[in-house]
Each structure stands twice: as structure tokens, then as C-alpha cells.
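Work through the exercises below with the model open. Try each task before reading its solution.

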Amino acid sequence: MKNFEFKNPTKILFGKGQIENIKNEIPNDAKVLMLYGGGSIKKNGIYEQVSTALSNHEVVEFGGIPANPEYSVLMEALKVIKEQKTTFMLAVGGGSVIDGTKFLSSAALYDGKEPWDILSKNIPTLKGMPFGTVLTLPATGSEMNSGAVITRADTKEKLAMGGAGLFPVFSVLDPEVIQSIPHRQLVNGITDAFTHVLEQYLTYPAGAKLQDRISESILQTLIEVAPKVLEDPTDYSAASNFMWSCTMALNGLIQKGVPTDWAVHAMGHELTALFGIDHARTLAVIAPSHYEYNFETKKEKLAQYAERVWNITEGSTESKAKAAIKRTEAFFNEMGIATKLSQYTNDYEGTAEEISKRFKARGWEGLGEHQNLKPEDAEQIVKMAY
Ligand code: NZQ
Ligand code: ZN
């Protein structure tokens, strides 16, 4: 096991009815900026619950943060923060609203000229404006981590940012919120969380038995509850297990002491930036090709994953590892997720070259757990995913 440091300061309020308790987590004298997305919270009762909980606080609202939070919209919200002198933010939404809020947390205290530099120059945020979240869509884990991904439409970029100053102060995880989530977004959530675990687990054996077993448990739990959640989002037991699995998949715990990959996300983000494909679906497109392409370096963990998660126990390391890749792709397909780029766009020719060019321009010369995947390797992987 590798050396590590671990600190996760986010307080979790889990369960039915927890939204009303946010009033105890936000300082009484705070001027709160409440941020939300395209309006789903106004149809499903979450807006009313939050408003009631904050009835004794001074609140300013900013709605309209789109899926794949857009820089130009966030810059409008930044103006509101400065003009209204708000001191605390509350994100009410999925990964996009929470990530957008993280960007604002950083940008509000940033004294450089161009806040986009936080992303393009990879400036870590050590201190941000404090914020809490009410999670409405289990998927990204953003509610309990310190990372964010921001999109810029005019340049077709999607870049990540982060830093110890970007953990939410608190996050409310009420599994009842999933009742109103459209089927497509539920499937996305399962796929995203599943792939988060794979990125931190399908590398090479590092003797981290507990991290491996926690990862395998999250995968097994997602596989078990996925059909139940999709069939009946009012099934509270399935919803709670789904929600907590998504948070645990990316709150930092399972990546401690082990090598991590994240190349699937790096390539996937480009597909969203170029074609607007839902984040989770880009991962399902890239992952099978990525594991095929890096088969030799990943086969031990793939075989372990085959045995312990999919119960594929017969055959050689190679044959179990191959079967695991197939089973993973089938899992995505069974939920209705297409796993080839050509199923999303007819305009895919040249995509692999474009992604390779972008990685080269950013100096991304060593992706993956061995930091040896070159832009040319990414090009091959994306081509295999056509
Ligand atoms: O905008 P509204 O009207 O709220 O509708 C949203 C949106 O259209 C809807 N929705 C959310 N909760 C709902 C609901 N509809 C009905 N009922 C509810 N309870 O769902 C749609 C998608 O929402 P979004 O927030 O975009 O989805 P998700 O949570 O999957 O977030 C995706 C974003 O997170 C980034 C992705 O790149 C993408 O930009 N990620 C963030 C990560 C992180 N911070 O750690 C890691 C991930 O790997 C990922 O990259
Ligand atoms: Zn993801």
C-alpha cells in the first residue's frame, strides 16, 4: 500500500426529511446564494423544502445552471455574488450545479484577472467561499469531494479544477429525491458511479486489500440495486443504497493508498466537450476500448474483478479478464446505454486525432496509472470506440 493522507471534512446529513436541517448548518447571519439548475427542483417539491428551511435566512437565488455547467452562465452568477455581497452558497442540484458552485466558491475569492485561469492553469483552490449542497441526483460524488468540471461552449473545452478548499461544508443526501429523476439520468448516475470505482480499482495489484474490497462492494451494490432503482424509484431501500454507493464511489476513500487511472474520464470529457454527449455515456463509450487496449497491464485486476464482482471463476487470468470487459459493456448495454461513439454522432471521423491534438497541446503526455499513455495511445483508444 502506498503512503497517503486522508481528510474529508464534509458533514453528511443522510435520509428522509434531512433538508429541513440545513437551517442548523448555515450561520444565522449568512447572506445565502441559492443555486440551482434548469428548474426540476420547482416541479418536485425540493425548492419548497429548501425555501421553508431557509425562511429565517437572507437568501438570494440564481437558477439556470445547465447540465455541464457553462462558464459564461457562472460568470453571471459571480456578478450576483459580488453585487449582493453574499457570504455562503447553497447548491441544490446534481453534479452540474454543485460543480458550478465549486467554481464560484473559488472564483469569489480569486484575485487574478481571468477566473478561467483557475481551470486552464490548473490553480488549486486552498480556500473558497463556504457552501453546502442538497444533492438531487446521485452520480458524481461531487457532494463529498473537492473536484469540479466546468464547460466552456465557445472553445468547446471541459476542464477540471479542485483543491482542499472546495469540499462542501455539508451535503444533504435524501434518497427520496430520486423519485422524480428521469430514467435516462438514473442510468447515467449508475454508470458514472460504477466507472468512478473502476478508475480507482482497475489498475494493477497494490496489496491494498481493504480498498479493493470496498471498491468491489460498491460495484456489487450498484449491480444489485440498479434494476430495482430503475424499475421503481420510490423503492426507498434501493434508493438509499444507490445514493450512498454513488457518494462512496468518489469521496476519496477508495483511492487512498492505491494507483488510480482516470484516463477514461480524461477522454470522456472531450466527447462531452465536442458532441455534448452525457458525461456517463462518454465513459461507457471509452471504458471497454480502454481496458482492451491496456489489457496486458490491467489483466490481473480485471481477472480479480471478474471473479469477485461478476462471479466469473472458470478459465485463465486472460480469459476471465476478457470476460469481465465484455460483462461490463453488457451491463451498460442492458441499462440502455450505447457503447460506441458512432451510436451518438455521425460526425465521429477525426475525433481521435482531435483529442490527441488537444492532449498534446496541454502537455498530457502520461495518462493512466503508469503515467505512460501518450496522446497517440489515447488516439488509438478513441478510434477503437468508434
Ligand atoms: O437542471 P435541472 O432542471 O435540475 O435538471 C437536471 C439536469 O437536466 C436533472 N435532475 C437533477 N436532479 C433531478 C433532475 N431531474 C428531476 N429530478 C431530480 N431530482 O438531471 C439533469 C442532469 O443533471 P446534472 O447535474 O448535469 O447531472 P450529473 O449529476 O450527472 O452531473 C454531471 C456533471 O458532473 C461532472 C460531469 O462532467 C458533468 O459536468 N462530474 C463531476 C465530478 C465531480 N465533481 O467529482 C466527477 C464526475 O466524473 C463528473 O465529471
Ligand atoms: Zn464521472
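## Exercise 1: The annotated span

The span of residues 9–175 is 26% helix and 25% strand, and its end C-alpha atoms lie 22 Å apart. This is a predicted model.

Task: Which name does UniProt list for residues 9–175?

Solution. Go to the UniProt record. Its entry is unreviewed, and it lists residues 9–175 as "domain: Alcohol dehydrogenase iron-type/glycerol dehydrogenase GldA".

## Exercise 2: Two domains

Task: Describe how the chain is divided and how its parts meet.

Solution. 
1. Take the division. Domain 1 covers 11–176 and domain 2 covers 183–384.
2. Take the spacing. The centres of the two domains, over C-alpha atoms, are 26 Å apart.
3. Count the contacts. Domain 1 brings 17 residues, which are in contact with 23 residues of domain 2.
4. Find the elements on the domain 1 side. β6 and β7 (157–162) each supply at least two residues there.
5. Sort that side by class. Eight residues are nonpolar, five are polar and four are charged.

## Exercise 3: The shell around ligand 1

Task: How many residues surround ligand 1, and which are the closest?

Solution. 
1. Count the shell. Ligand 1 is surrounded by 34 residues, with G37, G38, A67, G94 and G95 the closest.
2. List the elements. Two or more residues each come from α1 (40–43), α4 (95–108), β6 (147–152) and α6 (183–201).
3. Pick the top contributor. α4 gives the most, with four residues.
4. Sort by class. The shell has 21 polar, eleven nonpolar and two charged residues.
5. Assign the shell to domains. Domain 1 and domain 2 each give at least three residues.

## Exercise 4: Helix α6

Task: Compare the reach of α6 with the expected value, then judge its cover.

Solution. 
1. Count and span. α6 has 19 residues, and its first and last C-alpha atoms are 27 Å apart.
2. Compare. At 1.5 Å a residue, 27 Å is expected, so the reach is close to expectation.
3. Check burial. In α6, 17 of the 19 residues are buried, which leaves the helix mostly covered.
4. Link back. α6 is also among the elements giving two or more residues to the ligand 1 shell.

## Exercise 5: N241

Task: Why does N241 count as partly exposed?

Solution. 
1. N241 sits in helix α8 (residues 236–249).
2. Count neighbours. N241 has 18 C-beta neighbours inside 10 Å.
3. Apply the cut-offs. Buried needs 20 or more, and exposed needs 12 or fewer. N241 therefore counts as partly exposed.
4. Look at its surroundings. Beyond residues up to four places away in sequence, N241 touches T221 and V225. P175 is 66 residues away along the chain, yet the two C-alpha atoms are separated by 8.6 Å.

Terms used
Residues are numbered from 1 along each chain as its sequence is written. Chains are lettered from A and ligands numbered from 1 in the order in which they are written. This is a predicted model: local features need pLDDT of at least 70, side-chain atom pairs count only at pLDDT 80 or more; totals for chains, interfaces and linings use all residues. A residue is near a molecule or strand if its C-beta atom, placed from the backbone, lies within 6 Å of it. Ala, Val, Leu, Ile, Met, Phe, Trp, Tyr, Cys and Pro count as nonpolar, Asp, Glu, Lys and Arg as charged, and the others, Gly among them, as polar. Domain bounds come from an automatic or database domain assignment. Two residues are in contact if their C-beta atoms, placed from the backbone, lie within 7 Å. UniProt positions are given in the numbering used here, feature names are shortened, and annotations may be inferred rather than shown by experiment.
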